[in-house]
Protein chains: 4
Amino acid sequence: MIGSGGEDGAVSERRYVITFGCPDRTGIVARVSSFLADAGGWIVEAAYHTDPDTGWFFTRQEVRADSLPFGVDELRSRFAEVATSLSAESNWRVEDTSERRRVVILVSKEGHCLYDILGRVAAGELDVDVRAVIGNHDNLADITRAHGIPFHHVPFPAGDKAEAFAEVRKLVDEHDPHAVVLARFMQILPPELCQAWSGRAINIHHSFLPSFIGARPYHQAHRRGVKLVGATCHYVTADLDAGPIIEQDVIRVDHGDTVPDLVRKGRDIEKITLARGLRWHLESRVLVHGNRTVVF
Amino acid sequence: MIGSGGEDGAVSERRYVITFGCPDRTGIVARVSSFLADAGGWIVEAAYHTDPDTGWFFTRQEVRADSLPFGVDELRSRFAEVATSLSAESNWRVEDTSERRRVVILVSKEGHCLYDILGRVAAGELDVDVRAVIGNHDNLADITRAHGIPFHHVPFPAGDKAEAFAEVRKLVDEHDPHAVVLARFMQILPPELCQAWSGRAINIHHSFLPSFIGARPYHQAHRRGVKLVGATCHYVTADLDAGPIIEQDVIRVDHGDTVPDLVRKGRDIEKITLARGLRWHLESRVLVHGNRTVVF
Amino acid sequence: MIGSGGEDGAVSERRYVITFGCPDRTGIVARVSSFLADAGGWIVEAAYHTDPDTGWFFTRQEVRADSLPFGVDELRSRFAEVATSLSAESNWRVEDTSERRRVVILVSKEGHCLYDILGRVAAGELDVDVRAVIGNHDNLADITRAHGIPFHHVPFPAGDKAEAFAEVRKLVDEHDPHAVVLARFMQILPPELCQAWSGRAINIHHSFLPSFIGARPYHQAHRRGVKLVGATCHYVTADLDAGPIIEQDVIRVDHGDTVPDLVRKGRDIEKITLARGLRWHLESRVLVHGNRTVVF
Amino acid sequence: MIGSGGEDGAVSERRYVITFGCPDRTGIVARVSSFLADAGGWIVEAAYHTDPDTGWFFTRQEVRADSLPFGVDELRSRFAEVATSLSAESNWRVEDTSERRRVVILVSKEGHCLYDILGRVAAGELDVDVRAVIGNHDNLADITRAHGIPFHHVPFPAGDKAEAFAEVRKLVDEHDPHAVVLARFMQILPPELCQAWSGRAINIHHSFLPSFIGARPYHQAHRRGVKLVGATCHYVTADLDAGPIIEQDVIRVDHGDTVPDLVRKGRDIEKITLARGLRWHLESRVLVHGNRTVVF
């Protein structure tokens, strides 16, 4: 299998990541930090956010696993009480970074995002377990398999796509992935898949949303004569290209750029924007709040 | 009058600027450059663009005035023949940089764009003649007058604004300005003014168009949860916020930014984007082609 | 006095801002947040940082003043105990946002940074008290006074500048300013002034440090043929252009840009970089740690 | 062989590219454009630059091959006279885009730049002929070969590297490549190789030069506390990291970023900056002038 090893020397120390959102009030930080301090928890990273519009509070805390006298299950069980006392209801999670993140990637014909992710994984920069790549074309099968990753070809007929989507769903769900990445997958997910993968399906749209929703955004951008083109990484919802935005970026273009030039320049931004959004999602840095995200 | 002088040491050598657009064909560059060479013209800057979609050719040429044995009127008269032979029709201009550019600025209550332009003029960075500032409020009168520039207060009633616009038009047109700058002027120009000032009225819209057309774009941006906010400098047309784009830029924001934060961060981008667009316009660098611009 | 009012609608709610740095260990967050929670303190904004290299912990907390049953002096006195227990020693502060920030600005001949700051203050965007502007030239006196701010002209002779610096020091120190802004002040501060204003003197250097230290950085940049020019806002130390960096930014240039073009383009970045750095400093967002900064 | 095809729909029309530099004087543009017009040459893209400091003139012209009644050899032979008449001496070239560009890539252990280039080639975005990859380690052999490209492992001993460099030179020179890409090749080329590959050897340095020349620039950047890290694509000369700069870019970092974080974030900029510089070089867009470049 292709891979040049974790050459950047980053240490992967085991950590527990606590995230939650709840109605804001006095004493939340004290409640959570005292809970951790009482157990001897060493907080490595902590971030807080209060949304004044909705009166909602959010936090993400990274704790060194070896600083606690118990494991992740016990932490979860104990923290449940804290969460309940803060009315966090189902809006809390405790993750263990030693559980390697599972990812399934959906592609069509365009390979730049797939090449980019595979390169990052092989270089040890993105330490995730790509369980499978599924394509409605098969031209990306070879590169996928060269990286030692299974590739599934699921052709999509022009008419009724229900069967093809059912097949994709089966292939995805057997891995129970932390992220389903639509890496320029050109098919629109049916509502039931948006629902099933809610908060886990990540798309890269090749425009600076909400500009140029839908098909052929670079053509739309060229027609409007914009001076920057962009890309948007967002969670997939049933509302096309309208899900919560995780990350966006842009690149400068000018009157000399044809549509193929926009496509080429835009790809660099698509790749990077998707890679950032995916990393943040897998590190539990993204909390969804209505149609907006908090990115810690 | 306030002004710290042309401290950047830029020499303002007199130049003639030729711009035109015409159907593309073989030999245009040769025709124009031979015309100039035959007269001894020293080309200081030359730029060309061909639009493959429309088959249109554009150029901008800066010639040292002292390299030609005749003046701008003679140049114009001689170049007219060249333009006709290239079917440039009315799409050509010959400008003389020694004619100082006249500018009239329209404002409402928000002063950041006005402060910025006045500062640039006073610092000698933007060498233009601001003939007047017209506001539908009067809170920017003092700063304007401190810079030695007349300020006219034209109140806009809530209902019928025809009279107020007529007054504004009169105040603007008496200066025959090269640019009418809508520096966060919050009134929508009536079609007849869009027409009268076509290609000269420059607006700064506080969003990355075509996103968030119309009122309160920062509120719209906040609601959508975008990760960058932008500004767009464009020519005013009768179609709201849909005129040819001259320049755009963006700035990063995050979940912690409230609407007032977006407003504040966005202002820095508005100021710079407007200043760039205005400079390019006044230097005859912007050629309009349908709803798009070529910026040389 | 010139000023268009606080038009952005930002509410300036009174807050206390606690900042400190101390050796990292378990329970710091709990200690601080419990202290605040016990007093009923409503934390509006909280940020933490641990530096793994030096084992140092930093935090900044904003508390609503009206959530505490006592005033800032009592808060300071009570928090002193917490700080001592965490070995924060002299590395802690409690600020009251209702105390308007006092600023003195030093200038030379170039006005773009001064114009920018005055514009922000007049527009209500930067709510600070500019007590005085001091220039070794007098060309910026008029604009300063038009804004209702005293201007002092202190000429600097070519040879011994000790007397001039003594005069500047006297004029600055009588205001006990929170920030002394070197807004393109082209004189090098003597070590005793660097010392006296340590952590309060903010400079804008017109390069992306550590590139192009010292004189005429745009000329250096042009000679090297760089493709971006930058600006650096940093605290002044006795080591020229080597103090802790608060903020940096860059702008794209190309082969067509002459030195005056670099100067002009660079100014936009200088203005914005200085404005950001100054704001963060005045909001107590910048904690110095050795020669680096933590910017919350 | 891996490759998803030229999916961006860009048409690769055959063109001749003329570039040259010569002392500036009146009539150069006319001379060149008349030469082309007389032969019926259809200019698709034309760019000019005059350097006022050195009085030097530069141009790049793209002509449709099918618009000329003769081939590239005849064009070269005819253009030689024009070049001579303009004193362009050896500073001119006529390239044929139908000759596929040959590239050899040198690598060490870090694979991100190699993965990126191979991905672009496989996706049809960078239409070049990668003839070989040469590494002083062998961990990138598999990915290279999976793309159907030969990989040569040339170990570099700690002491005398002359023999290894001789071997590399032999492996490179047999392909007479248009570009020798040092894609994070961590060895310093000996002067004779810098000479032999002058104007063809392209390096990516992981800092915003001239900051942080030499080894471990991200460590240097972290120590200095900069707020942006960058990358520089430049021609290799005998003077370490001081060759003519083709392209640079930066990315924002903050106090929370450790050295491994800088490494990771910087890689995205390295990849993109190298890809842009390489593309421009291969398209004959980069003209070297002393230690600076003109990039058309």
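**Figure 1. Salt bridges between chain B and chain A of the predicted model.** Four salt bridges link chain B and chain A; a salt bridge here is a side-chain nitrogen of Lys or Arg within 4 Å of a carboxyl oxygen of Asp or Glu. One of the residue pairs meeting in a salt bridge is Glu247(B) with Arg252(A), at 3.0 Å, N to O. This is a predicted model: local features need pLDDT of at least 70, side-chain atom pairs count only at pLDDT 80 or more, and totals for chains, interfaces and linings use all residues. Residues are numbered from 1 along each chain as its sequence is written, chains are lettered from A and ligands numbered from 1 in the order in which they are written, and side-chain values use heavy atoms, with hydrogens and water left out.

**Figure 2. The chain B side of the contact with chain A.** Chain B and chain A bring 35 residues each (contact: heavy atoms within 4.5 Å). About 2,900 Å² is buried between them, 53% of it from carbon and sulfur atoms; buried area is the accessible area (1.4 Å probe) that two parts lose on being put together, summed over both. The rule finds 21 residue pairs in polar contact across this interface, both residues at pLDDT 80 or more. A polar contact is a pair of N or O atoms within 3.5 Å; within protein, one must be able to donate a hydrogen and the other to accept it, and residues adjacent in sequence count only if both atoms are side-chain atoms. On chain B, α7 (217-224), β11 (245-252) and β13 (292-295) each give two or more residues. β11(B) gives the most, seven residues. Helices (H or I, at least four residues) and strands (E, at least two) are DSSP runs, numbered from the N terminus.

**Figure 3. Domain 1 against domain 2 in chain A.** Domain 1 spans 15-96 and domain 2 spans 102-295; the bounds come from an automatic or database domain assignment. Their C-alpha centres lie 31 Å apart. In the contact, 13 residues of domain 1 touch seven of domain 2. The buried area is about 790 Å². Two salt bridges cross this interface. Arg285(A) and Glu45(A) meet in a salt bridge at 2.8 Å, N to O. On the domain 1 side, β1 (15-23), β2 (43-51) and β3 (56-64) each supply at least two residues. The largest share, five residues, comes from β3(A).

**Figure 4. Chain A and chain D about the rotation axis.** A 180° rotation with 0.0 Å of shift along its axis superposes chain A on chain D, with RMSD 0.0 Å. The two copies are thus related as by a two-fold rotation axis. Superposition is by least squares on the C-alpha atoms of residues with pLDDT of at least 70 in both. Ala146(A) comes closest to the axis among chain A residues, at 3.1 Å (C-alpha).
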